[in-house]
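Thank you all for coming. Let me put the structure on the screen, and then I will walk through a few of its parts.

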Amino acid sequence: MNIDQFFAALWDDYVAMTPQAARIKAAFEERGETVLNDHVAFRTLALEPIGLEKLEPHILALGYQRFEPYEFPAKKLKAFGYLPPQPDFPRIFLSELMVDQLSPAAQEVLQKCAAQVDASRVDSPDVLWAGRLWEPISFDEYETLLAESEYAAWLTTVGIRPNHFTISVNGLEKHTEVEDVLKVVESLGLAVNDSGGRVKGSPAVLLEQGSTMADQLPMPFADGGELAVPTCYYEFAKRYPDADGNLFQGFVAASADKIFESTDTKEAQK
């Protein structure tokens, strides 16, 4: 599988889970813009056999290289950014939840999910758009996770797949600020993540970011019912050059911490 095939498969899965993404992309193309992808992000659990170290080889096999580690203590997450083999391909951001930092009850739910994953299934790159690899959890288990970690609740219902794509604001000709992009998004009737401000970051930290609130789709639960839960969202990023004139390639942890909240159930209900 080459990089083009990899990202085409990711996009197909992403827009199936995130109908807003196709609308937003089309809206900018109708305005004469060329939509380029700044980065794609994935989530997983720090548990065998789906930990970051087991998913990462599929990214490295495409020619990507580890760039920087990131930590999010409040959300009990760690992550790596990856740079592409060629500058016209998107960056990748892969995070994992440090399960051993959650309560015993939450750990039990997550360990039960991971234990159902066939390790051989993780050997194929399509595990990155495989979705849920375990039986549905119960409503009570979902509530247990939701009380401690929105990330955990999201992952157990939505599974392993692209959490978001990102429009490169640098690649737009008519909408050159993140706020300009957010106004177009809102004109479509879509909600913007305002946790920490509409635009996260600043030129001083070399990166500005904004995002939508995630779409919601009904997901099955072990009790037999369904519940609409947040799925995936669209991000927008503008990068600035550093003192040497090189475009910033990394991520800003303080901003990413707020971008994570684009899938928060409480934020979506505001």
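Before the strands, a word on terms: two strands pair if DSSP finds at least two bridges between them, and helices (H or I, at least four residues) and strands (E, at least two) are DSSP runs numbered from the N terminus. What you see is a predicted model, in which local features need pLDDT of at least 70 and side-chain atom pairs count only at pLDDT 80 or more, while totals for chains, interfaces and linings use all residues. Residues are numbered from 1 along each chain as its sequence is written, and side-chain values use heavy atoms, with hydrogens and water left out.

Let me begin with strand β5, residues 164–168. It is joined to β1 by 3 bridges, the two running antiparallel, and N37 stands opposite I167 of β5. With strand β10, residues 233–239, β5 pairs in the parallel sense over 5 bridges, and here F165 faces Y234. Because 5 of the 5 residues of β5 are buried, the strand is largely enclosed by the rest of the structure, where buried means under 20% relative accessible area, exposed over 50%, and partly exposed in between, with a 1.4 Å probe and protein chains only. Both faces are covered, with H164, T166 and S168 on one side and F165 and I167 on the other.

Now to H39, which lies in β1, residues 37–45. How buried is H39? Its relative accessibility is 2%, which is why it counts as buried. Leaving out residues up to four places away in sequence, H39 touches H164, F165 and T166, among others, contact meaning heavy atoms within 4.5 Å. The side chains of H39 and H164 are also joined by a polar contact of 3.2 Å, that is, a pair of N or O atoms within 3.5 Å, where within protein one must be able to donate a hydrogen and the other to accept it, and residues adjacent in sequence count only if both atoms are side-chain atoms.

Finally, the helices. Helix α6, residues 150–158, is largely enclosed by the rest of the structure, because 9 of its 9 residues are buried. Helix α5, residues 139–148, packs against α6 at an angle of about 145 degrees with the axes 5 Å apart; axes are lines fitted to C-alpha atoms, for helices over the stretch in contact, and angles run from 0 to 180 degrees between N-to-C directions. Just after α6, G159 takes a positive phi of about 90 degrees.
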